[in-house]
Each structure stands twice: as structure tokens, then as C-alpha cells.
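The following exercises are to be worked through with the sequence and the model at hand.

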Amino acid sequence: MMTSVDTELMRVLGDPLRLRIVTLLARETLCTTHLVEETGARQTNLSNHLRVLREAGVVETEPCGRFTYYKLRPDVIAHLAGRFADLAESARTASENKRACP
């Protein structure tokens, strides 16, 4: 069963720009400047999305001089993937369970 935390993670990752950011961070640790270049988003917009991802626990920051680098927390993504795997397994067995109509 999905928890409220899982539902919140899905909501956070449901935004196309945030999903793009997560996809980019799955490949390498990047600073805001890199993410602006890669996504074409404005810096303020990108910073707002990064804040949402940070607050949801999806990314963490790493200060480096005057830059802040962002990296993905793979454990959070793995947890959500596990929940979807559980749902898929339930769906496989659910086809055998058919409730009769009244």
C-alpha cells in the first residue's frame, strides 16, 4: 500500500522539469549553473524546483566554494521503485481475483 510519503514523492516527481532534473542528477552531480544549461529553465524557477526536491528528500546539496552541487539520493528512488514493483506484483495476482457484481 502506498503511504502519504510515497504519494508526496510521486507528486514531486510528477512535474516534468523536476523529473528532468532527477534524470540529469541520476547521471552526475551538478550545480545550478549546469542544470540551467541542461534544462533551459530560468535560474529562479530551477532553484524553486530544487528546493521542492530537497524538501522531499530526493536530492541533497554539497557546497563547493560559491557553488552548490546537487546529487540524487538513490535510496529514495529505489524505495519508490520498490513500491511500484509491489503494485505490479499485486496487479499480476489481482487478475485472478474478480469480485462479483451485486
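The model is predicted: local features need pLDDT of at least 70, side-chain atom pairs count only at pLDDT 80 or more, and totals for chains, interfaces and linings use all residues. Residues are numbered from 1 along each chain as its sequence is written, and side-chain values use heavy atoms, with hydrogens and water left out.

**Exercise 1. The sheet**

Determine the order of the strands in the sheet and the way in which they pair.

Step 1. Strands are DSSP runs (E, at least two residues) and helices are DSSP runs (H or I, at least four residues), numbered from the N terminus. Two strands pair if DSSP finds at least two bridges between them.

Step 2. The open sheet has three strands in the order β1-β3-β2, with antiparallel pairing. β1 (30-31) and β2 (59-64) stand at the edges with a single partner strand each, so one side of each has no neighbour in the sheet.

Step 3. Two bridges connect β1 with β3 (residues 67-72), and Cys31 has Tyr69 as its bridge partner in β3. Six bridges connect β2 with β3. Pro63 stands opposite Thr68 in β3, and Cys64 has Phe67 as its bridge partner there.

Step 4. The hairpin of β2 and β3 has two residues between the strands, and Gly65 takes a positive phi near 65° in this hairpin.

Step 5. Two helices lie across the strands. Helix α2 (residues 16-25) lies across β1, β2 and β3, at about 90° to β3, whereas α4 lies across β2 and β3, at about 115° to β2. Axes are lines fitted to C-alpha atoms, for helices over the stretch in contact, and angles run from 0 to 180 degrees between N-to-C directions.

**Exercise 2. Helices α3 and α4**

Describe how α3 and α4 pack, and identify the residues that make the contact.

Step 1. The axes of α3 (residues 32-39) and α4 (residues 43-55) are 10 Å apart, and the helices pack at an angle of about 110°. The two are therefore roughly perpendicular, a term for angles of 65 to 115 degrees.

Step 2. The crossing of α3 past α4 is right-handed; a crossing is right-handed if the near helix is turned clockwise from the far one by less than a right angle.

Step 3. Contact means heavy atoms within 4.5 Å. Thr32, Leu35, Val36 and Thr39 of α3 make the contact with Gln43, Leu46, Ser47 and Leu50 of α4.

Step 4. These residues divide into four nonpolar, four polar and no charged. Ala, Val, Leu, Ile, Met, Phe, Trp, Tyr, Cys and Pro count as nonpolar, Asp, Glu, Lys and Arg as charged, and the others, Gly among them, as polar.

Step 5. Thr32 of α3 counts as buried because its relative accessibility is 14%; buried means under 20% relative accessible area, with a 1.4 Å probe and protein chains only. Not counting residues up to four places away in sequence, Thr32 touches Gln43, Leu46, Ser47, Leu50, Thr68 and Tyr70.

**Exercise 3. Helices α2 and α3**

Step 1. In α2, Leu17, Arg20, Ile21, Leu24 and Leu25 meet Leu35, Glu38 and Thr39 in α3. By class, this contact has five nonpolar, one polar and two charged residues.

Step 2. Leu25 lies in α2 and, at 5% relative accessibility, counts as buried.

Step 3. Leu25 and Leu35 are ten residues apart in sequence, and their C-alpha atoms are 9.0 Å apart in space.

**Exercise 4. Helices α1 and α5**

Step 1. By class, the contact of α1 with α5 has seven nonpolar, one polar and two charged residues.

Note on methods: Parallel < 35°, antiparallel > 145°, perpendicular 65-115°, else oblique. Buried < 20%, exposed > 50% of the residue type's maximum accessible area, 1.4 Å probe, protein only.
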